[in-house]
Amino acid sequence: MPVDDLDPTDFHELTEALKYCVLIHDAITFDILWANRAACDLLGWTVDELKPLKAPDMSKNARQYTRELGHRWLGHAVEHGISATEWCYRSKNGEEILTEAIAIRVQLAARTAVMVQFRDIAEEKAVRRDLSRTENRLHAFLGELAEGIVVLDDANRVVFASEAASRELGGDLDGADFTAYCCDGPVPEREGRYRFAAPGGTPRWYAATCQRIDIESDLRGRMLLFYDITDRVRAEERHRRDTQHLDHLARYNAMGDMAMAIAHEVSQPLAAAYNFVEGARGRLGTGTGSGSGSADEAVAWGLDNAVRQIERARRILSSLRGYVGRLEQSEQLTDLNAIVRDCAYFVELRAQEHAVAVEFDLAADPLPVLCENVLIGQVVMNLAFNAVDEMARWPQAERSVRIVTRRGDDGRPELAVRDQGHGPPMDERIFEGVFTSKENGSGIGLALSHRIVTRHGGTIGVHANEPRGAVFWFALPTAPTRAEAGST
């Protein structure tokens, strides 16, 4: 029906039915003129009891609820038409009720009034405080959480990213295509290990899990939880390399035992062959007949060459037994120069095979080191063999390798192997067992050398040679000489 058809009493009934509390104040004196049923029920007073009350009678006793502030609030509504605030009323029984109050200027027929509408928001404020506290706690927890969290839509766009995720991957992830952060292919869809990095950044390893979420249609998609395990992966890789190194050393020791057995067994038939050759040569010239002289000379020539080859084989076996026979279980005080001299025979054999000239430039004074001779000898030969193999690719006139021992600037004994090849490799992982420049190489030689030198407390490295080539070097802690050790 039209509003004009409503009786004035109908408006009164409508106002009384409101659940919102209403107080009517005079716009000049701010005295209470009327209150609806909801206001009376909340405050516990009747309309007649409310009319003579002032702000101190029905407000919380606190500075922000003084009469002056109340009048200022109502006056602002009179001047501007509307004014809102939080006001804490005090009911008849002394209960304090925090409300959200809106004062509105209303022009009545007889006077100007201020209608105050208010509602109890104590419970709502408590809920807000709880929500705020929970939100702050969650924010703090997520901020300190080691796991990064991202939620991806069906197009792999980031619709949510935790602080940890942004901290790990860098930059603002919101709206980013997460595919660009995955270094090993598509976005993970199951639990596993993956490498993530911002575009152009250094990849790191993460353990990741993935699941679908749908939170009240507000946040839905694929949630990815991940945390950094780079250090763990690197430790596992070091353990794997160490295991390979130990296996290599075990095989090396087994080969040493086999070499000792072979040297022992072969030396006896070589000695017997040498005796037979000497006996045969002693009987030359005892025969008769024409032409026997020239025949004897030819046989003698053959026997002399056979003796030389037998002598060479005996020297090889002697060097092999002398070298392998020093597989000690503990470190010994020795001279780095002596280790190089022990290895020289084998280095020269390898060099002769490739027509490479080898120069040994050893320090005049002893270079005392405390080490396991055979292991450091293995390093010397690894570096020397690599240099020889490198120079074998160059014209014969340019094939040269120089092995130098010196006392370094810091006083440590040093060995350097200089070649005239292509120069130091660019791969930074050269000593990690993943690098080799040889067609059939395994890359384990340099990694094993690094392991041996560092186990002895030394350092190993490579730098460019001048004017061309590479210098592989290692340095060991200096050890006191026997005389020095005895004097202490």
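1. Ground rules. This is a predicted model, so to speak of local features we need pLDDT of at least 70, and side-chain atom pairs count only at pLDDT 80 or more, while totals for chains, interfaces and linings use all residues. Residues are numbered from 1 along each chain as its sequence is written, and side-chain values use heavy atoms, with hydrogens and water left out.

2. Aromatic pairs. Searching the whole structure turns up 10 aromatic pairs. Rings of Phe, Tyr and Trp (its six-membered ring) pair if their centres lie within 6.5 Å; planes under 30 degrees apart are stacked, over 60 edge-to-face, and the rest tilted. Take Tyr65 and Trp87: the ring centres are 5.3 Å apart and the planes stand at 75°, so this pair is edge-to-face. Tyr65 sits in the loop between helix H4 (55-58) and helix H5 (67-80), and Trp87 is 22 residues away in strand E3 (residues 82-90). Helices (H or I, at least four residues) and strands (E, at least two) are DSSP runs, numbered from the N terminus. Tyr65 and Trp87 are both buried; that word means under 20% relative accessible area, with exposed over 50% and partly exposed in between (1.4 Å probe, protein chains only).

3. Another edge-to-face pair. Tyr206 and Phe226 have ring centres 5.4 Å apart and planes at 90°, so they are edge-to-face. Tyr206 belongs to strand E9 (residues 204-215) and Phe226 to strand E10 (residues 219-228), so the pair ties together parts that are 20 residues apart in sequence. Both Tyr206 and Phe226 are buried. They also belong to a cluster linked by ring pairs, together with Phe178, Tyr181, Tyr194 and Phe196.

4. Strand E6. Five of the five residues in strand E6 (residues 148-152) are buried. Gly148, Val150 and Leu152 cover one side, Ile149 and Val151 the other. E6 runs antiparallel to E10, joined by five bridges (strands pair if DSSP finds at least two bridges between them). In that pairing, Ile149 stands opposite Leu225. E6 also pairs antiparallel with strand E7 (residues 158-161), over three bridges, and here Val151 stands opposite Phe160. The hairpin of E6 and E7 has five residues between the strands, and Asn156 takes a positive phi near 65° there.

5. Arg350, worth a look. Arg350 lies over the face of Phe385, at 4.5 Å from the ring centre. A charge sits over a ring if NZ of Lys or CZ of Arg is within 6 Å of the ring centre and within 35 degrees of the ring normal. Arg350 also makes a salt bridge with Asp389 (2.9 Å, N to O). Arg350 is in helix H10 (residues 336-353) and Asp389 in helix H11 (residues 373-391), so the pair ties together parts 39 residues apart in sequence. Arg350 counts as partly exposed at 25% relative accessibility, whereas Asp389 is buried at 14%.

6. Other salt bridges. The structure holds 24 salt bridges, each a side-chain nitrogen of Lys or Arg within 4 Å of a carboxyl oxygen of Asp or Glu. One of them joins Arg37 to Glu16, with the closest N and O atoms 3.5 Å apart. Arg37 is in helix H2 (residues 37-43) and Glu16 in helix H1 (residues 8-16), 21 residues apart. Glu100, Arg119, Glu124 and Arg128 are linked in a salt-bridge network.
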